[in-house]
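Please read the points beside the model.

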Amino acid sequence: MKVRTELMVMLTHHDRTVGDAYELFESAKDLPVYDWGFKNVGICEYDTCHLISAMKEAGKHTFYEIITRHKDAYVIGETTAKRAGFECMMGTKYDEQLFKAMHEMGIRFCPAVGQPGSVYNGQPGVLLGTEDEIRNEALHLVNDIGVDGITLPAFRYYLDGYHLLHTLREALPDTPIYVAGSVDSFEKIDEMFDMGIAKFTMGSALFNKKFVPNGSFRDNLEAVANYIETKHPRG
């Protein structure tokens, strides 16, 4: 099933929500980017609710990513969901209680597969697991559990991220796949559209000025948004 690929802006850098996330959102909310999110690290519950409210008021779709993958974080995530009312929880590993709570609140639940955030050869934030293990986990979560989609840090995979991504697309052609992180060039953006990826996140690439070397966060996001609107216009 061919879907419209969407850019999801993450107000995060080095896997933390930035301190001026609200101000940055306000500075760029007029751009033609409709999916916005941030991580549970680096931001308190009050600011989470404030930021989600601003995003909704601006007509954006809201995403909350949990990257501290343990029971305490899931309990806090459930409480935050009740108060903030974001539309989709992503990035967490599957947890039965959390999944049930999100569905009771009408919040989409798109967990990560594999072993995300691992350390490999001294490098943190790597995705581990064999392709078979990751594919089988994704199939189980979608077909047996009924999750709404899959979060996949494909470009942080310790082997061939492109091959892993193609493997999951073939196994789950009708399931939304959210590619998390490391889409940092126009070429990779094109690949996301060509593969029919539902959404791909972008945060650090904007803060690291990958698209406009001397530009601001807004300058870089505007360059990406304009490129997408020109190269991949909406039908």
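**Notes on the chain**

1. Asp-190 has its place in helix H7 (helices are DSSP runs of H or I with at least four residues, strands are runs of E with at least two, and both are numbered from the N terminus). With a relative accessibility of 15%, Asp-190 counts as buried (buried is under 20% relative accessible area, exposed over 50%, partly exposed in between, with a 1.4 Å probe and protein chains only). Setting aside residues up to four places away in sequence, Asp-190 touches Tyr-227, Lys-231 and His-232; contact means heavy atoms within 4.5 Å.

2. On the basis of these values: this is a predicted model, in which local features need pLDDT of at least 70 and side-chain atom pairs count only at pLDDT 80 or more, while totals for chains, interfaces and linings use all residues. Residues are numbered from 1 along each chain as its sequence is written, and side-chain values use heavy atoms, with hydrogens and water left out.

3. The chain holds nine helices and twelve strands. Its C-alpha trace spans about 45 × 40 × 40 Å along the principal axes.

4. Of the 235 residues, 53% count as buried. Taking contacts between residues at least 6 apart in sequence, 65% join residues at least 24 apart. The accessible surface comes to about 10600 Å², and 49% of this belongs to carbon and sulfur atoms (Shrake-Rupley method, 1.4 Å probe; for residues, only the protein chains shown count as cover).

5. In soluble globular proteins, nonpolar side chains tend to be buried together. The largest nonpolar core here has 67 residues, and those touching the most other members are Leu-11, Leu-152, Val-179, Ile-189, Phe-200, Met-202 and Leu-221. Such a core is a set of buried Ala, Val, Leu, Ile, Met, Phe, Trp, Tyr and Cys residues joined through side-chain atoms within 4.5 Å. Helix H9 (residues 217-231) supplies the largest share of this core, six residues. Another core, of eight residues, lies apart from it, and includes Met-8, Met-90, Tyr-178 and Ala-198.

6. Which residues does Met-202 contact, leaving aside neighbours within four places in sequence? They are Leu-7, Met-8, Val-9, Met-10, Val-183, Ile-189, Phe-211 and Val-224.

7. Phe-217 lies in helix H9 and counts as buried, at 8% relative accessibility. Not counting residues up to four places away in sequence, Phe-217 touches Val-9, Leu-11, Leu-24, Ala-28, Leu-206 and Phe-207. Phe-217 and Leu-206 are eleven residues apart in sequence, and their C-alpha atoms are 5.6 Å apart in space.

8. Asn-121 is not a glycine, yet has a positive phi of about 50°. Asn-121 sits in the loop between strand E8 (115-120) and strand E9 (123-128), and is exposed, with a relative accessible area of 71%. Ser-182 has a positive phi near 70° and is found in the loop between strand E11 (177-179) and helix H7 (186-195). At 29% relative accessibility, Ser-182 counts as partly exposed.
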